[in-house]
Amino acid sequence: MGILKVARLGHPVLRRAADPVPPEALGTADTQRLIDDMIETMAEYDGVGLAAPQVHVSQRLVIYGVAANPRYPDAPPIPLTVLVNPRITPVGDEQEQDWEGCLSVPDLRGKVPRWAGLRVEALGRDGRLLRYTAEGFHARILQHELDHLDGKVYLDRMGSMESLAFLSEFQRYGLKRAD
Ligand code: NI
């Protein structure tokens, strides 16, 4: 177990399309250790999601979950989830704007439009098929993390850079509440 170094914007691994995880890799100690280390790393940095490319591993693997989190005080709790080779499909055509941040783009926040509802299909860390729907902040986290698997970050999805703010100013001026 260990805390992994998080790649920051500018590292090429964040701009590459990640490779699928061969399902048999889930039976190996290496892949299971990577997942455990990603969980530890996300907890260390108070993240709500982490994609393998963010820890310099170009594979289609993400984790996410929301416990009581000082970085996202208004976020609803979401159980810790591991997704291997995930796919998402929008449900309906509704989009929502809300704030995002990213451990690979430290100290910034910006408003990003995302699909309000998704269908999700992936393998779990035990190789079993997972199928479910997600809405709101849950759907937002998924779209953010899956973008990392395609070499995208949330800045690429912002309709306008006007909302982009440093975290300290975001907090000082109560931008979350002013929306
Ligand atoms: Ni991110």
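This is a predicted model: local features need pLDDT of at least 70, side-chain atom pairs count only at pLDDT 80 or more; totals for chains, interfaces and linings use all residues.
Three protein donors surround the nickel ion, namely Cys-102 through SG and His-144 and His-148 through NE2, at 2.1 to 2.2 Å. Along the chain these donors are spaced as C-x41-H-x3-H. Cys-102 and His-144 are both buried.

Attention now turns to charged side chains, among which 11 salt bridges are counted. One of these pairs Arg-140 with Glu-100, at an N to O distance of 2.9 Å. Because Arg-140 belongs to helix H2 and Glu-100 to strand E4, this contact ties together parts that are 40 residues apart in sequence. Both Arg-140 and Glu-100 are buried. Helix H2 also contributes Asp-147, whose partner Arg-114 lies in strand E5 (residues 105-115), so this pair connects parts 33 residues apart in sequence. Here the N to O distance is 3.0 Å, and Arg-114 and Asp-147 are again both buried.

Asp-30 and Arg-33 sit three residues apart in helix H1 (residues 29-44), about one turn of the helix, and their closest N and O atoms are 3.4 Å apart. Asp-30 is exposed, with a relative accessible area of 56%, whereas Arg-33 is partly exposed at 42%.

Key
Residues are numbered from 1 along each chain as its sequence is written. Side-chain values use heavy atoms; hydrogens and water are left out. Donors are N, O and S atoms within 2.8 Å of the metal (3.2 Å for Na, K and Ca); water is not among the atoms, so sites may look incomplete. Buried means under 20% relative accessible area, exposed over 50%, partly exposed in between (1.4 Å probe, protein chains only). A salt bridge is a side-chain nitrogen of Lys or Arg within 4 Å of a carboxyl oxygen of Asp or Glu. Helices (H or I, at least four residues) and strands (E, at least two) are DSSP runs, numbered from the N terminus.
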